[in-house]
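My entries follow in the order in which I made them.

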Amino acid sequence: MASTTTITKGLVILYKNNPWLVADAQFVNPGKGGAFTRTRLKNLKTDQLIEITFRSGEAVETLETLRKKCQYLYNDGANYHFMDNESYEQFDFSKSIIADAKNYLIDGTECYALYIEGKPVSIQIPPKMTFTVMQTTPGVKGDTATGGSKEATIESGAVIKVPLFIKEGEKIIVNTEEGTYVSKG
Amino acid sequence: MKNHLHLAIARAEFEQQIRNFFKKRDFVEVQTPIMVKTPGMEPHLNVFETKFYDKNCPRRTPAATGGGKSAEGGPRYLNHSPELQMKKLLGHKNPFDKTDHFEKIFQITKVFRNGEIGGPLHSPEFTMLEWYRKNADYKTLMTDCENLITTLQTTLNFKSEFSMQPAARTLQQSPWPRISTQELFQKHTGTSLLKNRTYKQLKKAAKKLDLPIKSCKTWDDIFFTIFLNKIEPNLPKTPIFITDYPASQAALARLKSNEPFFAERFELYINGIELCNAFSELTDPKEQRKRLIKEQRQRKKMGKTVFPIDEDFLKALKNLHTSKTTAAGCAFGLDRLLMVLINKQNIEDVLFFPL
């Protein structure tokens, strides 16, 4: 059993007799009514997404999981295909299971697969990844009306807000959880 | 990366317009201490504690301190709200000078809440606007809120990325809907608070809603679990006043005369974000003392620091009570209001150096 104050993103819990991946967890101590954890849970059997707020102290059961290194291969339009780095076994996930991680997958991306009872159920990408900027407009000096930022398309296809000095072809580090620019790569 | 200069200009202009609003309506701006001997007693709030040292000070005699109240060594606390201090001013009475009293006061100050973190809406230090009116109740304060925000929308004109957003401009049609917690629970969950006044009853209702309530020890715990899961996520983006909270959640507020299970308290939500907390003030010092003692017990039970009762605060209430003066006050989170007005999603977007 885990107390919900320690519910964290990536954990798998048993709730209402179903395994749920904690897609998002936010501990909030608001100063009225006591602390709580706001969660987004994904049902690993049905893909259903729900939002539940647990009071701090509410106990939930966690499920044994295994994290294994894998590699992204390709997507066939509907599903995203991966390969286990040790066994070379291949498996795939639907778009909805991959969620936001799909914005940062390029052929060969090293990531982790989450296994429950021997079955791969979800994917975790590194929180910080380096990408080449494929397309962006030249920065105009002194243009601060836009907050000193512009849009850049990275090689995975995602569009990231970057500082004006970033040029096409340069490498940048991206925070894949927030979808934000971190620094030059 | 936010532009700090633009943020500074926006914040200064924002606070200036708020000051103008209250001065135009004959409010007196006050500045009460940030560090106090007795903070408010709210059971769920944790305060920042510090200590006043007097070990190295020369022995204080009435002459050395100018004959006034001398500062004693001991614990001091950073205010989580200037509420008690402001009500002391509101109840201030000068037997030698009848003109020395306050009718309407406001303050913009920093407040501190220990451990208050999590999500895009919380910071352990934030800016609070509080205002108090004599001879008024919480309904007047709701109108104040509407007038303040619509005035800010028409007067503020930031020329930077902190510009007013079209979404915020559409807030203007007032009066804004006012809905009681009783109606709100009925509407979103089919649960009547009045018919579920006991812990057992409300627990049964929450179970029917399929909510995690094993850890709920009190009626209020269950109330919040239902509120957070079934109501808050479904609040409209447009402004809404949630009124008449259960009396157990309004220790400083006046009870509703027709239904004392509820108190005359409201919160304003815009965009699903709670912006303020306000009520018709309880002015009966005896009743107030009872409720403070109850909160002291609650704090002790929860393992939190138990504060002494602020006798000056009760004296001020007594002054209001004997002169049959009603009062009402509102505490408004200014960082959140700025967020809503300029459509920022995170409180850190409007703070300089988030803690």
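**The sheet in chain A**

I looked up an open sheet of five strands in chain A, which runs in the order β9-β8-β7-β10-β11 with antiparallel pairing. I noted that β9 (90-94) and β11 (119-124) of chain A are the edge strands, each with a single partner strand, so one side of each has no neighbour in the sheet. Strands here are DSSP runs of E of at least two residues, numbered from the N terminus, as are helices (H or I, at least four residues), and two strands pair if DSSP finds at least two bridges between them.

I then followed one pairing: β7 (residues 65-75) and β8 (residues 79-84) of chain A are joined in the antiparallel sense over five bridges, and Gln71(A) has Met83(A) in β8(A) as its bridge partner.

I wrote down that the model is predicted, that local features need pLDDT of at least 70 and side-chain atom pairs pLDDT 80 or more, while totals for chains, interfaces and linings use all residues. Residues are numbered from 1 along each chain as its sequence is written, chains are lettered from A and ligands numbered from 1 in the order written, and side-chain values use heavy atoms, without hydrogens and water.

**Chain B against chain A**

I found 28 residues of chain B in contact (heavy atoms within 4.5 Å) with 24 residues of chain A. The rule finds three salt bridges across this interface, each a side-chain nitrogen of Lys or Arg within 4 Å of a carboxyl oxygen of Asp or Glu. I looked up the salt bridge of Arg55(A) with Asp221(B), where the closest N and O atoms are 3.3 Å apart.
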